[in-house]
Amino acid sequence: MSSEGKSLQGRVAIVTGASRGIGRAIAESLAQRGADLALVARNEEALNETRALAEQSGVRALTLPLDVSDADAVKGAVEQVTAELGGLDILVNNAGLTRDGLLMRMSEEDWTQVLDVDLKAVFYFCRAAARPLRKSAHGRIINVSSIVGIIGNAGQANYASAKAGLFGLTRSLAKELGGKGTTVNAVAPGFIETDMTASLPQEIRDNSLKSIPVQRLGVPRDIAEVVGFLCEDGAAYVTGTVLPVDGGMSLGSVG
Ligand code: NAP
């Protein structure tokens, strides 16, 4: 399929956490809009599957198997993308993990690992990407946070702290990078059906459903379409925002 005439035709995007779930759906959404892609995660085989899906839209796609919490690997990856794909227009920081546990039983390792992957790695990518993004006329950073960063969640103090930290990073970078036309926004998904939520007990799923006004759990495409829109020229005047994409879950009790 040709990418001619599409809204992101000729743009280059990095998507982290692209091996499955929301990241894979974002990769597909950007590819369908015509963007060339650099796909980041640790699982190379799964990245190759995402690449094959993206290539069905007629775009170029690189796979970059790496751990996002490795600052040198991140810097090298961004350099490789600009050299091989000819620049950088879009950075989607989506890689993330959870290590849940109540505060009194939470190990320092579980705290640090979540902060390293869900927050510090985003700093690594933004720092490495800032210069090439400023050269783009349509620079975009989208940070995938969570409504847990807004409303909190028992058993997720580490994750909520990291995801709330992304709001401050997003707003600060919106101010730092706006002068060259780069926008920086965060999306805050609610309950989305992926590997991350697959092992949650049925009771939590049922209770979550009761608190969602649109009365269904989310799917990766719900997030991917909003990220796709934020990358388009039509969203050029939107920056520094945190956009919940949660079926209304963060509004509080239903009915
Ligand atoms: P997922 O299915 O578990 O996917 C997580 C992705 O992150 C995978 O591609 C994984 O790839 C990558 N990743 C994790 N640690 C990494 C590391 N150290 N280095 C490189 N890549 C790493 O989760 P998901 O539900 O799609 O979540 C995507 C994002 O949405 C996350 O930031 C998550 O916090 C956020 N979110 C999800 C929900 C939800 O309900 N699902 C709600 C709110 C926010 P590898 O394992 O191959 O490295």
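Student: What should I know about the source?

Tutor: It's a predicted model, where local features need pLDDT of at least 70, side-chain atom pairs count only at pLDDT 80 or more, and totals for chains, interfaces and linings use all residues. Residues are numbered from 1 along each chain as its sequence is written, and side-chain values use heavy atoms, with hydrogens and water left out.

Student: At what angle do H3 and H4 pack?

Tutor: About 30°, with the axes of H3 (residues 71–85) and H4 (residues 108–135) 9 Å apart. Helices here are DSSP runs (H or I, at least four residues), numbered from the N terminus. Axes are lines fitted to C-alpha atoms over the stretch in contact, and angles run from 0 to 180 degrees between N-to-C directions.

Student: So how do H3 and H4 lie to each other?

Tutor: Roughly parallel, therefore; angles under 35 degrees count as that.

Student: Which residues make the contact?

Tutor: Ala71, Val74, Lys75, Val78 and Thr82 from H3 meet Tyr124, Phe125, Arg127, Ala128, Ala129 and Pro132 from H4. Contact means heavy atoms within 4.5 Å.

Student: New topic: what volume does the second largest pocket have?

Tutor: About 230 Å³, as the space filled by probe spheres set on the grid points, which are joined across faces, edges and corners. On a 1 Å grid over the protein atoms alone, a pocket is an open set of points where a 1.4 Å probe fits, with protein on both sides within 12 Å along at least five of seven lines.

Student: Which helix gives the largest share of its lining?

Tutor: H3, with six residues. Lining residues have an atom within 4 Å of a point, and among them are Glu79 and Arg131.

Notes. Helix = DSSP H or I, 4+ residues; strand = E, 2+ residues; numbered from the N terminus. Parallel < 35°, antiparallel > 145°, perpendicular 65-115°, else oblique.
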